[in-house]
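Biologist: Please take a close look at the site around the ligand, and follow the charged side chains from there.

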Amino acid sequence: MSKAIGGRDARAPNSTGARSAGVPPALFQTRITELFGIRLPVLAGGLQWLATPDYVAAAARAGICGFITAASHEDIADLRAAIRRCRELSEGKPFGVNVSMLPKLVQGERTQGIFDLIVEEGVRFVETSGRNPAPYLPALKAAGIKVVHKVPAVKYAIKAQAEGVDAVAVVGAECGGHPGMDMVGTMVQANVAAAKLSIPLLVGGGIGTGAHLVAALALGADGVVVGTRFLVAEEIWAHADYKRRLIEADETETTLILSSLRNTARVLRNEATATVQALESSGAGIEALMPHISGKVGREAYRTGDWSKAALSVGQSVAFADRIEPLAAIIARFEDEARAALARLKGLAR
Ligand SMILES: Cc1cc2nc3c(=O)[nH]c(=O)nc-3n(C[C@H](O)[C@H](O)[C@H](O)COP(=O)(O)O)c2cc1C
């Protein structure tokens, strides 16, 4: 039943010391490089509409792990085709599927159907978010699938660890998408999480350079999860006008919406988000907000490049999105920046 997908046999290049021509030796060996069999301890988190097979396979080929995002696919057949396409493009390297279980994105039977498909297709890695994945863990574990559960606060990570997930990703207030309701920054949250958890830990939210990766490792994490910084990758299909807007934007140009629904989202500040904020302050409910926040409106904005007309998830690390280039180039820069950060620390240490 389960077929080898995404490099079932892939070994961490770190462990073999593999050095193909022109590729420098891996910088880090952590519990995350080992768990995923990746070169750099970086996960490209799920991106609704944007984490397509092209993007996820580019991540795999560049030595990190990305996630085909189930919420981008209206039916199971479509998701199956995306998984198969990604397998073809990934050259045997690891990739996974993101299952966001936020009630409004993926519901009930559909969630079960998605996990059934993941098992059937022999996917090796799953990133869950939005809700406790406990009901689905026995079947995933029986299939040998590794689960990283992504949460916005340490208390949920502790719970997920007790339920038996393989790793947790804890994202702080800076993140694009859903930072939760407590809004603790990544710097504090990373260290608290490292002290309280024993399973492999990723931190995310505002990770935009290799120096952030080094900082996260110094704080006790085993790796990082990144969303925003990779949005300007060539393999992201969204219109170039949208990417150009991200390149222009600095760290002050995101805003928070939907706290009134207890579903806070960090998004690019624009006309649509100003409307949403005005509606929220006047006590409007979900029906009035939907025309501005629905996933379909967002997808249309990515297609047309008219970034002002929808609430689009973007985090503060948009500050570091400086050019459109292949994902592999962004990751190579990450690695160079991490090397430079390590050298700086070495120079400072006494
Ligand atoms: C455009 C966009 C779409 C996202 N969609 C999802 C999603 O569908 N599921 C999910 O679990 N996380 C989603 N995220 C969150 C990312 O996977 C990741 O956790 C987050 O972006 C990390 O913080 P950063 O944006 O500061 O790098 C999304 C983020 C962005 C920016």
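Modeller: The shell around the ligand is made up of five nonpolar, 14 polar and one charged residue; here Ala, Val, Leu, Ile, Met, Phe, Trp, Tyr, Cys and Pro count as nonpolar, Asp, Glu, Lys and Arg as charged, and the others, Gly among them, as polar. This is a predicted model, in which local features need pLDDT of at least 70 and side-chain atom pairs pLDDT 80 or more, while totals for chains, interfaces and linings use all residues. Residues are numbered from 1 along each chain as its sequence is written, and side-chain values use heavy atoms, with hydrogens and water left out.

Of the 20 residues around the ligand, Gly46, Ser100, Ser129, Lys150 and Thr228 come nearest (a residue is near if one of its heavy atoms lies within 4 Å). An N or O atom in the side chain of lysine 150 is 2.7 Å from an oxygen atom of the ligand. On the backbone side, an N or O atom of glycine 206 lies 2.7 Å from a ligand oxygen, and a polar atom of glycine 227 is 2.8 Å from a ligand oxygen. The protein covers 94% of the 600 Å² of accessible area that the ligand has on its own (Shrake-Rupley method, 1.4 Å probe).

Lysine 150 is found in strand β5, residues 146-151 (strands are DSSP runs of E, at least two residues; helices are runs of H or I, at least four; both are numbered from the N terminus). Lysine 150 has 18% relative accessibility and so counts as buried (buried is under 20% relative accessible area, exposed over 50%, partly exposed in between, with a 1.4 Å probe and protein chains only). Its side chain makes a polar contact of 3.1 Å with the side chain of glutamate 127 (N or O atoms within 3.5 Å; within protein, one must be able to donate a hydrogen and the other to accept it, and residues adjacent in sequence count only if both atoms are side-chain atoms).

Elsewhere, the side chains of arginine 229 and aspartate 322 meet in a salt bridge, 3.5 Å from N to O (a side-chain nitrogen of Lys or Arg within 4 Å of a carboxyl oxygen of Asp or Glu). Arginine 229 lies in the loop between β8 and α10 and aspartate 322 in the loop between α13 and α14, so the pair ties together parts that are 93 residues apart in sequence. Arginine 229 is buried at 3%, whereas aspartate 322 is partly exposed at 37%. Aspartate 322 also forms a salt bridge with arginine 333, at 2.5 Å from N to O.
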